[in-house]
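Hi there,

Here is the structure I promised to pass on to you. Have a look around it first, and then read my notes below.

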Amino acid sequence: MEPARVPVAELDRESAVWLSRLATRSGERQAAERELHARLVRIASAEVRRRSASTPVTGQELDDVAHQAAADAMIAILAKLGDFRGESRFITWAYRFVILEVSAKLGRHYWRNPPVALDARQWERLPDRFGLDPVRHAESAAMLAEVRRVVKDELTEHQRRVFVAIVVDGIPLDALAAKLGLRRNAIYKVIFDARRKIRQALVANGYLDEAGVEQR
Amino acid sequence: MSDFEALDRFLQTDPRDVGCDRAMAVLHIYVDLAAAGEEAASRYPGVAAHLRACGPCGEDFAGLLLAVTGG
């Protein structure tokens, strides 16, 4: 591990102490690493509990995710100490690693016991996701039919697969990213472009106002 | 039209949205500003737009904020 470089920005006292302890070559460094790791385990454990309602991962596997996330975050933090610029508190910078590790690991673990298979295409569940009732409201039924037409006719095959998995089937974005071997940002960009394309079609056909709900 | 509000809100895209990679690259800075009660959203409007639209990044923001505020 490279010793931490002196940050450009002026550091708060707590951050300076962390960097100093982690850069020393004495036993103090090992003590600092143990303390940081213990904090990462605590944060990861709290985070997996906070997210437990929105993941099929449960029980011991959830604890395993927390410990794996803390261990991997610790390795990344020590490897990247020299990248810390003092733009935030050190502990916030460090905790970001473990939070992102929890997200990535929950995405991968989703497929060990997935509640929804990839390509399930549960179109019948789409109205519930947006609080629409196509049985009672003909306009809702027509709008949903238009959404489905745009997805089928105007999205690329990749856009269609990603949109259906995320929006129609409700597969978590990080889980789909893990399954397809893509970065979160790549999946998000596909959904972003699909949202824009679908909305343009709904506006063109009079289902939605150009201005949108935020501007009303 | 109000029946369609949730769908319309989901479909709307914000041109300021910086995407996941750029938002996560400054998440620690954004969170420290938010934790200190400063105007993180006005300093980083593109990040704020992204966190509103991206569920996973919004969750990461919420988790990190909770971690550093001791919640």
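Which residues have the most contacts inside the largest nonpolar core? Please keep in mind that this is a predicted model. The residues in question are Ala44(A), Val98(A), Ile166(A), Leu176(A) and Leu64(B), and the core they belong to has 82 residues. Helix H4 of chain A gives the most to this core, with 10 residues. Both domain 1 (13–112) and domain 2 (123–215) of chain A give residues to the core, so it lies between them.

Leaving aside residues up to four places away in sequence, Leu64(B) touches Tyr95(A), Arg96(A) and Ile99(A) in chain A, along with Leu27(B) and Val31(B) in chain B.

Now for the contact between the chains. Chain A puts in 37 residues and chain B 31 residues. On the chain A side, helices H2 (27–50), H4 (90–109), H6 (138–153), H8 (173–180) and H9 (184–204) each supply at least two residues. By type, the chain A side divides into 15 nonpolar, eight polar and 14 charged residues.

Is Ser140(A) buried or exposed? Ser140(A) has 20 C-beta neighbours inside 10 Å, so it counts as buried. From C-alpha to C-alpha, Ser140(A) is 55 Å away from Leu11(A) in space, and the two are 129 residues apart in sequence.

Enjoy exploring, and write back with any questions!

Best wishes

Key. Residues are numbered from 1 along each chain as its sequence is written. Chains are lettered from A and ligands numbered from 1 in the order in which they are written. This is a predicted model: local features need pLDDT of at least 70, side-chain atom pairs count only at pLDDT 80 or more; totals for chains, interfaces and linings use all residues. Two residues are in contact if their C-beta atoms, placed from the backbone, lie within 7 Å. Helices (H or I, at least four residues) and strands (E, at least two) are DSSP runs, numbered from the N terminus. Ala, Val, Leu, Ile, Met, Phe, Trp, Tyr, Cys and Pro count as nonpolar, Asp, Glu, Lys and Arg as charged, and the others, Gly among them, as polar. A residue is buried if 20 or more other C-beta atoms lie within 10 Å of its own, exposed if 12 or fewer, and partly exposed in between; C-beta atoms are placed from the backbone. A nonpolar core is a set of buried Ala, Val, Leu, Ile, Met, Phe, Trp, Tyr and Cys residues joined through C-beta atoms within 7 Å. Domain bounds come from an automatic or database domain assignment.
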